[in-house]
Amino acid sequence: MKQDARVELRNVCQYFVTKTGVVQALGGLSFALEDGEFVSLVGPSGCGKSTCLGLISGLSSPTSGELLVDHVAVGGPNRHVGYMLQKDLLMPWRTILDNVSYGLQIRRVPRKEATARALAGLRRYGLDGFAHRYPRELSGGMRQRAALIRTLLLEPEIVLLDEPFSALDFQTRLVIEEDVRKILSRERKTVLLITHDIGEAIAMSNRVLVMTNRPGRIKAEFTIELSSGHDSPLKARESPEFSTYFKQIWQELDINVGLDSATNDNIH
Amino acid sequence: MLASIPRPMTTSIELATSDPDAMLYEHRRKLARETRKVVLIQLALLIFGIGAWELLVRFGGVRELLVGQPTRVADHIVSMWKDHSLVRHTWITVAETLVGSVSGFVLGAACGLLLWWSKPLERALDPVMVVLNSLPKIALTPIFLLWFGVGFSMKVALILSTVFLITFLTAAAALATTDKELLQLTAALGGTRWQVFRNVVVPSSLPWLISAAKLNIGFGLTGAVVGEFVAANEGIGYLLLYGAQIYDMSLVWAGILILVVVAMAMYFSVALLERWLLPWRES
């Protein structure tokens, strides 16, 4: 057992029953997240990245293998784990304020206190002018930021991000990446980012894990050391080491562009 | 080739002013002018239609017995207003519709949404719903006539059954449209099944239910009128049938006019309710 591991997966296998048969999503996945680390998980789509996130957040349990959060086997949703998805999942019928306080409300925090904390969160991350607007009135980037505030208000120590930026346009994406990285490292969160964007993975993380095709397991691991440091994903993209890592990870992903259309379909 | 493409006429647009306030004012004035024109056209069409009808009956040889006559429709309305029968007939139909529709709607929505709690029950009821959906509900009238007699409760039962079924089917269909990821989000936050139901399932079904309520106005009034056709001595349905029996087409038209007004009033009430319940929707 690793001493300071917040999250640890040991030889995790996961099977799904579908209409056509049983599919193995994970085939002996093992890795650990240490306290305060920002780790990215990249891999071809359908390799079981999101399955892995569902397991850590306690929404489903592994068919076999061990899954520990803070050295305890996961047996359901855990209040130390928060997650954020590609879709912002803001409820169209709630105002931004009510959306942001939704998690607190589900956890039965008294309404007054929940509202006060939500307002403070909105103020802190620059959305207080939109507290009483509905989600449809906000841009994609602002909505995603509101979703992040909803996650952070629950004070999770471990944050799981499942391609949270992939629906945003490129400029917005760079800005939000910068925001999220700053906020999460300031608050010393342990983060697992799932992405298919190699550049995003390198720019944001301390470590990048590469997964194989289904059934997924870890194929390669890269510790990212950039001369610019890790505070700014924007600057990280300009580091001299960036393109070296990019090439290495690209090779590991083994994407045969144009050679094999069947594998090509699996890449975004 | 290139020479044949017309040049954009950059010089032809000249704004009278560059002051934004004045531009906005000018724009609004144009819009208001157009709206006035629209209303004028609508009024003209209405007056022309009614005028032509009146003139054709008076001087064109069209028989009043078969088509009625606008001035006589107005006479009927006025005299029914004076002897209070207008209010009495309208009230009875409105009361039947309201009691039947509201109770049918509440029951239908509750039963439909309850299906969310039991997947096996939902699947078990699936064929029943297909049958009920295709059944013309009016066909049930004789049964209610036997069960409830010829009075108020027969009409209420007829309306209630129709409205209940439509709302129930809509609510059941709305359940399938709930965002699975929102359910998952609430589960991941540690929400109970009741919290998921209250915070996700109910609000996301609400727009569907409001649409069902709008549809139900028509079905409710149909139920009331048909019920009154079958057996009644008051109500708008009775008025319509009575008018036809005594060959007074203008009385029939007066009844239809009252029905239209009632239906519109009900529709606007639901629209108001919608704005109050669903402020987050774009109008």
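# Exercises on a two-chain model

The secondary structure of chain B comes to 11 helices and 0 strands. Keep in mind that this is a predicted model.

## Exercise 1: Overall build

**Task.** Describe the secondary structure of chain B and of chain A.

**Solution.** 
- Step 1. Start with chain B. Its sequence order reads α-α-α-α-α-α-α-α-α-α-α.
- Step 2. Turn to chain A. Chain A has 10 helices and 10 strands.

## Exercise 2: Testing for a globule

**Task.** What radius of gyration does chain A have, and what does the globule rule give for 268 residues? What is the radius of gyration of chain B?

**Solution.** 
- Step 1. For chain A, the radius of gyration is 19 Å. The globule rule gives 18 Å for 268 residues. The two values are close, so chain A is as compact as a globular protein of that length.
- Step 2. Look at the box. The C-alpha trace of chain A spans about 55 × 40 × 40 Å along its principal axes.
- Step 3. Now take chain B. A compact globule of 283 residues would come out near 19 Å, but chain B has 27 Å.
- Step 4. Along the principal axes, the C-alpha atoms of chain B fill roughly 80 × 75 × 45 Å.
- Step 5. In chain A, 40% of the 268 residues count as buried. In chain B, 29% of the 283 residues do.
- Step 6. Take contacts in chain A between residues at least 6 apart in sequence: 68% join residues at least 24 apart. For chain B, residues 24 or more positions apart account for 73% of the contacts with a separation of 6 or more.

## Exercise 3: The domains of chain B

**Solution.** 
- Step 1. Domain 1 covers 12-62 and domain 2 covers 67-282.
- Step 2. Find the spacing. The C-alpha centres of the two domains lie 35 Å apart.
- Step 3. Count the touching residues. Domain 1 supplies 5 residues, in contact with 4 residues of domain 2.
- Step 4. Sort the domain 1 side. This side has 4 nonpolar residues, no polar ones and 1 charged.

## Exercise 4: An open sheet in chain A

**Task.** In what order do the 4 strands of the open sheet of chain A run, and which are the edge strands?

**Solution.** 
- Step 1. Read the order. The strands line up as β2-β1-β4-β5, with antiparallel pairing.
- Step 2. Find the edges. β2 (21-34) and β5 (72-73) each pair on one side only.
- Step 3. β1 (residues 5-18) and β4 (residues 64-69) are joined antiparallel by 5 bridges.
- Step 4. A:Leu9 stands opposite A:Leu67 in β4(A).

## Exercise 5: Strand β3 of chain A

**Task.** How many of the residues of β3 are buried, and which residues lie on each of its faces?

**Solution.** 
- Step 1. Count. β3 spans residues 38-42 of chain A, and 5 of its 5 residues are buried.
- Step 2. A:Phe38, A:Ser40 and A:Val42 are on one side. A:Val39 and A:Leu41 are on the other. Both faces are covered.
- Step 3. Take one partner. β8 (residues 190-195) runs parallel to β3(A), with 5 bridges between them. Here A:Val42 stands opposite A:Thr195.
- Step 4. Take another partner. β9 (residues 207-211) also pairs with β3(A) in the parallel sense, over 4 bridges. Here A:Val39 faces A:Arg207.

## Exercise 6: Helix α1 of chain A

**Task.** Which residues of α1(A) are buried?

**Solution.** 
- Step 1. Name them. They are A:Lys49, A:Thr51, A:Cys52, A:Leu53, A:Leu55 and A:Ile56.
- Step 2. Step past the end. Just after α1(A), A:Gly58 takes a positive phi of about 85°.

## Exercise 7: Where the chains meet

**Task.** How many residues of chain B are in contact with chain A, and which helix gives the largest share?

**Solution.** 
- Step 1. Count both sides. 14 residues of chain B contact 16 residues of chain A.
- Step 2. Locate the chain B side. α8 (180-188) and α9 (193-230) each supply at least two residues.
- Step 3. Find the main supplier. α8(B) gives the largest share, 7 residues.
- Step 4. Sort by type. The chain B side holds 7 nonpolar, 5 polar and 2 charged residues.

Definitions and conventions: Residues numbered from 1 in each chain as written. Chains lettered and ligands numbered in written order. Predicted model: local features only at pLDDT ≥ 70, side-chain atom pairs only at ≥ 80, totals over all residues. Buried ≥ 20, exposed ≤ 12 C-beta atoms within 10 Å, placed from the backbone. Contact = placed C-beta atoms within 7 Å. Nonpolar A, V, L, I, M, F, W, Y, C, P; charged D, E, K, R; others polar. Pairing = 2+ DSSP bridges. Rg over C-alpha atoms; globule rule 2.2 N^0.38 Å. Domains from an automatic or database assignment.
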